[in-house]
Amino acid sequence: TTGYGQEGKFSGPLEPMTFSIFEGQGPSQIIFQFKASPLAVTFKLTGETDDIFQIQPDGLLYYSKTLDRETRAVHKLQVSALDAHGNTVEGPVPITIEVKDINDNRPVFLQSKYEGSVRQNSRPGKPFMYVNATDLDDPATPNGQLIYKIIMQLPKVNNVMYFQINNKTGAISLTLAGSQDLDPLKNPSYKLVVSVEDMGGQNEHSFSDTTSVDIMVKENIWKTPEPVEIEENSTNPYPIKITQVVRWNEPGALYSLVEEGKPSKFPFLIDQEGDIYVTQPLDREEKDAYVFYAFARDEHSKPLALPLKIQVKVKDINDNPPICPSTVTVLEVQENEQIGNSIGTLIAHDMDEENTINSVLGYRIVDQTPKVPRDGLFLVQAYSGMFQLALQSLRKRDTPQYNLTVEVSDKDFKTLCFVQINVIDINDQIPIFEKSDYGNLTLPEDTAIGTVILTIQATDADEPYTGSSKILYRITQGDSEGHLEIETDPETNTGYVKVKKPLDFEAADVYNIVFQAENPEPLVFGVQYNASSSATFRLTVTDVNEAPQFSQQLYQAKVREDVAKGTKVGNVTAKDPEGLDISYSLRGDKRGWLKIDPVTGEIFSVAPLDREAESLYRVQVVATEVGGSSLSSVAQFHLTLTDVNDNPPRLVKEYTGLFFCSPLKAPGSLIFEATDDDQQLFRGRHFTFSLGSESLQKDWEVSKINGTHARLSTKHTGFEERVYHIPVRINDGGRPPLEGIVSLPVTFCKCVEDRCFQPADHMPGIPTVGMTVGILLTTFLVIGIILAVVFFQIKKNKGQHNVESAQASEVKPLRN
């Protein structure tokens, strides 16, 4: 039977129905049996029967030939119920037969051979041709879903695919390697074998077809042009075409330029013929080169290929005169300078391109003022600008200053620069201190760095504000560690003695300092520094109480977490600069694990350590001087605890929902996971699993899956409907090994929709149904007894009250 009604039945009343039947099945297949009213004795079938569908007098609908969805996918039928005279009792009722597709048609390419062409360097992923196949099966089902693949490329260079295909559309395009490597000079053509497969290519019973594709490789004329050179500040009319080689392979491309680096101005454009123009004069001194890219796009603004890099160099012309370095260049020469010695250099500049004829500069002295004792006292090197004494040494008494006019020229321009040469006195006078002994000075050792502690002064008789009269001070004796320094005021030659490094009373309490005053300019031959250029002073350093100093600010140690109480785990050391004794203490020992010897600084454990509670234990060590001001300092102590195997295995979670559906049809299994709190090794945990009771081995089995997971399996199917608590022994294999016994509660129960169904159990403290009924009956009985007693008492009281009332009425008046 192949047909089913909407309710999954094979027979029923005559009413509109739809049946879905797979094509290709054998003939004489029953679809449905209709039942009509008692008046009906036969049935009649009309509509699109195609001599396939028939109905028997008893309402049995069937088909006698194999169905073909590709011939007709839906058959519209009508069924009527007739009486013995052929009159319609019920109907006609519409019956729809949907023919469901099976994969009975293979895909077929529209052509047995395809031909196409592609340009070298075309953009990867852009289709240049398509292959197409058809399949008569239902495209809405996997039977008609086609997948394309390239199964062969000839030639295949270096085992690299140059072509790719869209597996759904059949579009063929270049891969990235093909875009870069295709060359018609090496391989002008390629052959591809392309397959198409139905069922989405995911079924071993799918059908397929193949076709061949011949591809010609065409030369790409979309090529990067040679670099362009444009002369700066051209006076030709703009725009000026600079290159015309940018052309796309096919007509209809849209061209555009994109500049690199987004310059402030972009003086180029491209027309739709691919010609590139410069739109305005260029200035090499402003920008000497341009790099931009030419794009070719299709009508949808998508790139047709990779952009071309365009390089434009701006060619220099001599349009810049030489520039003097300053308004006046000042040079100095000593009055005893030898003939030919260098005095200094004038360095002019030219904005034109370096290392070209446009920027080569020449120097020439055109005037000297004054011309005493004679003209031509100076010489300048023609291309370097270096000045030399040309005729004789100079004397300051002749003139203290010369002014030179120098012509600096390139091949087209000339510029006048001015040079002032000062004749300076020779260094024939030594610095002399105003006093040779600056006395005694006392400072505390905590004097701040940079404090000026002394002012010294020497004078020099040479020409002021020259290298011959400038004075530099240095300490030549008494301060080998460099605790002091001297700065010189360039205007007054005053020396300021400052603290450069912290003073240390414990290292040295007295400094006998010797100063030396010198010139940066060397003394002339025959003149030497003597005792007048030296001075002394005595510095006394007083003690200041300082806090103890640790040998290091962070102490680290490592021990096993199971070390015994009283084990030494580390030690610290500190010293007091004044030599006082030190007392050690701990701060921040929140777990109370450690103690420190107040005298030696040794640190011990005083309680069990636990890596799982804290693997890196941090405390502070305090060193306090004994006596004095009781100053203290702090250092850090970090104790790393290494793991030992001290935690037995346990279940990773509480397993409360494990169940099997009863009765078992076949032995089953459940998976559980174990862990422990010790540090996990690099290789991971490796637990072993076994049953915790040998008596359970005939019913249960535990098998290891991996280092942390195991499987609990039943060995048969004969289990009662109840909860079984299965003990499992887990061993961690550590050193020493630890094991734990855990209990897995497994429930055998009846299942509804693969879920365990259990009636609600009787909860403690809640009465059962029988108890409830008994309680209710007892309650009603007690209430009845109470009501009867009350009623009886009321009756008795009422009778007694009537008698008393009658008696009282004879002897007492009535009361309100």
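**Close-up views of a predicted model**

**View 1. T211 and the residues around it.** Leaving aside residues up to four places away in sequence, T211 touches F109, Q111, S112, K113, Y114, L192, V193 and V194, where contact means heavy atoms within 4.5 Å. This is a predicted model, in which local features need pLDDT of at least 70, side-chain atom pairs count only at pLDDT 80 or more, and totals for chains, interfaces and linings use all residues. Residues are numbered from 1 along each chain as its sequence is written, and side-chain values use heavy atoms, with hydrogens and water left out. T211 sits in strand β17 (residues 208-218); strands are DSSP runs of E, at least two residues, numbered from the N terminus. Is T211 buried or exposed? T211 counts as buried because its relative accessibility is 4%, and buried means under 20% relative accessible area (1.4 Å probe, protein chains only). Its side chain also reaches the backbone oxygen of Q111 at 3.1 Å.

**View 2. Two cis peptide bonds.** Most peptide bonds are trans. Here, V372 and P373 are joined by a cis peptide bond with omega about -5°, and P373 lies in the loop between β27 (362-369) and β28 (378-380). Another cis bond links S662 to P663, with omega about 0°; look for P663 in the loop between β50 (658-661) and β51 (669-675).

**View 3. Serines with positive phi.** Most residues other than glycine have a negative phi. S28, not a glycine, has a positive phi of about 55° and belongs to the loop between β2 (17-22) and β3 (29-35). S28 is exposed, at 55% relative accessible area, as exposed means over 50%. S301 has a positive phi of about 65°, in the loop between β23 (289-297) and β24 (308-315).

Definitions and conventions. Helices (H or I, at least four residues) and strands (E, at least two) are DSSP runs, numbered from the N terminus. A polar contact is a pair of N or O atoms within 3.5 Å; within protein, one must be able to donate a hydrogen and the other to accept it, and residues adjacent in sequence count only if both atoms are side-chain atoms.
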